[in-house]
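Dear colleague,

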Amino acid sequence: MKKVIILVGLLLAMAHVAIAKQQGVFLDFYRKSNPGKNVAVHRTPMCLPIQVVYDSDTHNIEVIGNESLEAEVFLYNANGILENYSSSLNTDFTILTPGTYIVQIQSDGWYAEGKIEI
């Protein structure tokens, strides 16, 4: 019985370490519209092949997307001050100080925002 308890304890400890390594960031996608244009409302959510992952071990934010998408990536702190910028979608940002950060991805006709609390 003691072996089973020890084994379960070790499995729980290893599962905690594996889960704590990387954290996905939820992105809200928005469509940019031209106010002079009268278009019908589309209620289907926008799905783009973009992932934003924060690695707590290396303090690294990784933005991964399809190579065919042309977009710029901005990293803002909680006060709205630009911390970092990339002119391409696939990029990495290293975070030096803990806090709240906003990742904003902009392209023609749409933008996406995600919030990371470190």
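**Aromatic cluster**

F74, Y76 and Y85 are linked into a cluster by ring pairs (rings of Phe, Tyr and Trp, the last by its six-membered ring, pair if their centres lie within 6.5 Å; planes under 30 degrees apart count as stacked, over 60 as edge-to-face and the rest as tilted). Please note that this is a predicted model, in which local features need pLDDT of at least 70 and side-chain atom pairs count only at pLDDT 80 or more, while totals for chains, interfaces and linings use all residues. Residues are numbered from 1 along each chain as its sequence is written, and side-chain values use heavy atoms, with hydrogens and water left out.

The search of the whole structure gives 2 aromatic pairs. F74 and Y76 are stacked, at 6.2 Å centre to centre with 20 degrees between the planes. F74 and Y85 form a tilted pair, at 5.0 Å centre to centre and 45 degrees between the planes. F74 belongs to strand 5 (residues 72-77) and Y85 to strand 6, so this pair ties together parts that are 11 residues apart in sequence (helices, H or I of at least four residues, and strands, E of at least two, are DSSP runs numbered from the N terminus). F74 counts as buried because its relative accessibility is 13%, whereas Y85 is partly exposed at 37% (buried means under 20% relative accessible area, exposed over 50%, and partly exposed in between, with a 1.4 Å probe and protein chains only). Y76, at 22%, is also partly exposed.

**Strand residues**

S86 lies in strand 6 (residues 82-86) and is buried at 10% relative accessibility. Its contacts, not counting residues up to four places away in sequence, are E72, V73, T91 and F93 (contact means heavy atoms within 4.5 Å).

I61, in strand 4 (residues 60-65), is buried with a relative accessible area of 0%. Leaving aside neighbours within four places in sequence, I61 is in contact with residues including V52, L75, F93 and V103.

I50 is found in strand 3 (residues 50-55) and is buried, at 11%. I50 and I64 are 14 residues apart in sequence and 5.7 Å apart in space, C-alpha to C-alpha. Among the residues that I50 touches, beyond four places in sequence, are L27, I64, L89 and W110.

Yours sincerely
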